[in-house]
Amino acid sequence: MGKVLMKGNEAIGEAAIRAGCLNYFAYPITPQSEIAEYLSRRLPESGGVYLQGESEVAVSYMIFGAAGCGERVFTSSSSPGISLMSEGLSYIAGAELPCVFVNIMRGGPGLGGILPSQADYFQATKGGGHGDYHLMVLAPDSVQEAVDMVMESFRLAEKYRNPVMIIGDGLIGQMMEPVAFRDELKSEPLNKDVWASNGMSTRNSKTPNLVKSLFLSPEQLNAHNLKLKAKYEQMAREDLRFETYNMDADYKALIVSFGTMSRVCRTAIDDLKEEGIDVAMLRPQTVFPFPEKAIYDAALKKECKIVLSIEMNMGQMVEDVERSVKGQRPVEWYGKCGGEIPTPEEIQELVKSRL
Amino acid sequence: MQQEVMFAGFGGQGILSAGKILAQTAMNEGLEVAWVPSYGPEMRGGTAYCTVVISDRAIGSPIIKNPLHLVAMNRPSLEKFAPDVKKNGIILVNSSLVAIGSGRDDVDEVRISATDIARDIGDARVANIVALAALVGRSRIVGTEDLINTVKAEFARKEKYIPLNLAAVDAGFAAAS
């Protein structure tokens with residue numbers, strides 16, 4: 001299939017269907033309502049289920065239920081809606097069920113605004129709900145990458161039996177770009193016979209599969225937490241992803257940036273290069289797991305004097321960047337909020353003022 | 001090379017569709033494109049605008065502060081965005097609704113009575129297509145034949161609107177020449 005011009009939100013919906021996900025439960029919220037709108041038409045005609053829940057809290061448990069039955073399932077929302085879903089997310093992570101959450105982020109806190117933002121970095125990467133758990137978190141920088149990540153997210157969710165979250169800012173959802181869709185996935189959810197509670201008669205088994213997050217014995221819960229921890233470590237070993245830009249040059253500064261913000265940084269880096277100033281960028285595509293070692297190695301390159309974490313928030317990823325650099329180079333945050341997006345010119349000025 | 005076009009006007013003037021048709025045409029020509037709408041809080045009848053970025057290589061920042069060209073379909077849009085247009089760019093003004101000029105002497109200001117031309121063809125709602133074609137005719141940002149083909153494809157499912165829109169394209173080309 002050739003390329004089509006599609007809005008990010010609609011492309012995300014289409015990608016999920018092509019990934020074999022025929023269950024979508026959601027509650028509309030700007031700036032991602034087009035995902036629900038698109039799927040309300042496309043899912044019924046594809047033989048799937050589109051259901052608008054009565055609230056985001058209810059939606060998160062509909063996802064829990066469907067995932068527990070071994071169905072491929074996803075939802076989408078934007079920041080305040082994801083907060084409401086966070087209780088369910090914690091239960092789903094605790095019960096080790098695969099599913100996908102898309103957060104097309106808007107500014108906060110509270111109702112905030114409806115314009116693009118990356119202010120949910122902490123919420124996505126550090127938990128959001130209660131208890132010791134992590135989501136695997138992917139951060140696309142284009143409509144094409146959003147599509148690819150949605151398609152891959154189901155496979156990752158099933159590999160780890162863990163919820164995967166895709167964080168795009170409002171611009172990724174609202175923008176139209178050319179996209180190509182990969183071939184459809186027709187397979188059943190991976191190894192679902194081992195974990196899905198979908199009736200013993202469906203799988204010729206004498207042992208029931210139990211879906212739960214309650215472990216009253218401290219030994220059992222500790223063992224459960226260690227098992228989850230081992231999964232997060234495996235994610236870092238096997239599915240860490242990042243992209244580098246201008247990393248072959250003798251760069252004086254290293255930018256770490258993700259999503260839409262990283263595209264603005266790329267333009268700034270191109271413009272700086274024309275002036276004879278080399279700056280490199282490392283763009284995490286997975287923000288959990290986080291590319292700590294790659295950032296450490298890139299920061300310690302001889303000529304590199306400073307590391308800049310540039311974000312559409314008040315300084316969140318910078319904490320992970322600092323942790324990665326381990327004090328070997330100065331690390332600074334720069335960013336804006338609420339739909340304001342730093343311009344390439346601002347980033348150029350920032351870099352020049354620090355060199 | 002990267003070029004940017006901002007389309008701006010009232011909600012309902014077909015601003016977003018005009019941008020989409022341009023983006024689609026450039027994509028069909030094998031170029032990289034990004035179509036970025038305004039989606040902030042706006043009241044009914046308020047301003048609508050979108051930016052189309054066209055480039056022969058991967059597009060970095062899709063957020064454009066200074067577009068190369070501007071299509072201003074109403075007065076508030078011209079007043080708001082004319083100062084942002086790059087030097088030597090085109091400012092296309094819908095003179096049917098905008099009596100004032102851009103006040104810039106370093107751009108190519110083109111005044112087209114897009115709404116009147118559209119009404120003469122048969123429907124004021126195709127003023128967006130008249131203006132888009134005028135911009136394409138003047139800037140050659142995409143090929144004129146390619147634009148015609150996109151318009152045909154865009155209305156393939158509403159075939160009865162194709163002749164009207166093709167007439168709007170022709171009128172736009174004529175007005176710009």
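**Note on the chain A–chain B interface and a helix pair in chain B**

1. In this predicted model, 20 residues of chain B are in contact with 25 residues of chain A, contact meaning heavy atoms within 4.5 Å. Local features need pLDDT of at least 70 and side-chain atom pairs count only at pLDDT 80 or more, while totals for chains, interfaces and linings use all residues. Side-chain values use heavy atoms, without hydrogens and water.

2. About 1,800 Å² is buried between chain B and chain A, and carbon and sulfur atoms give 70% of that area. Buried area here is the accessible area (1.4 Å probe) that two parts lose on being put together, summed over both. On the chain B side, B:Met27, B:Trp35 and B:Tyr39 lose the most area to chain A, together 35% of what that side buries.

3. The count between the two chains, B and A, is 1 salt bridge (a side-chain nitrogen of Lys or Arg within 4 Å of a carboxyl oxygen of Asp or Glu). The side chains of A:Asp270 and B:Arg57 form a salt bridge at 3.8 Å, N to O.

4. Within chain B, the axes of helix 3 (residues 114–121) and helix 4 (residues 127–139) come within 8 Å and cross at roughly 120 degrees. Helices are DSSP runs (H or I, at least four residues), numbered from the N terminus. Axes are lines fitted to C-alpha atoms over the stretch in contact, with angles from 0 to 180 degrees between N-to-C directions.

Notes:
Residues numbered from 1 in each chain as written. Chains lettered and ligands numbered in written order. Helix = DSSP H or I, 4+ residues; strand = E, 2+ residues; numbered from the N terminus.
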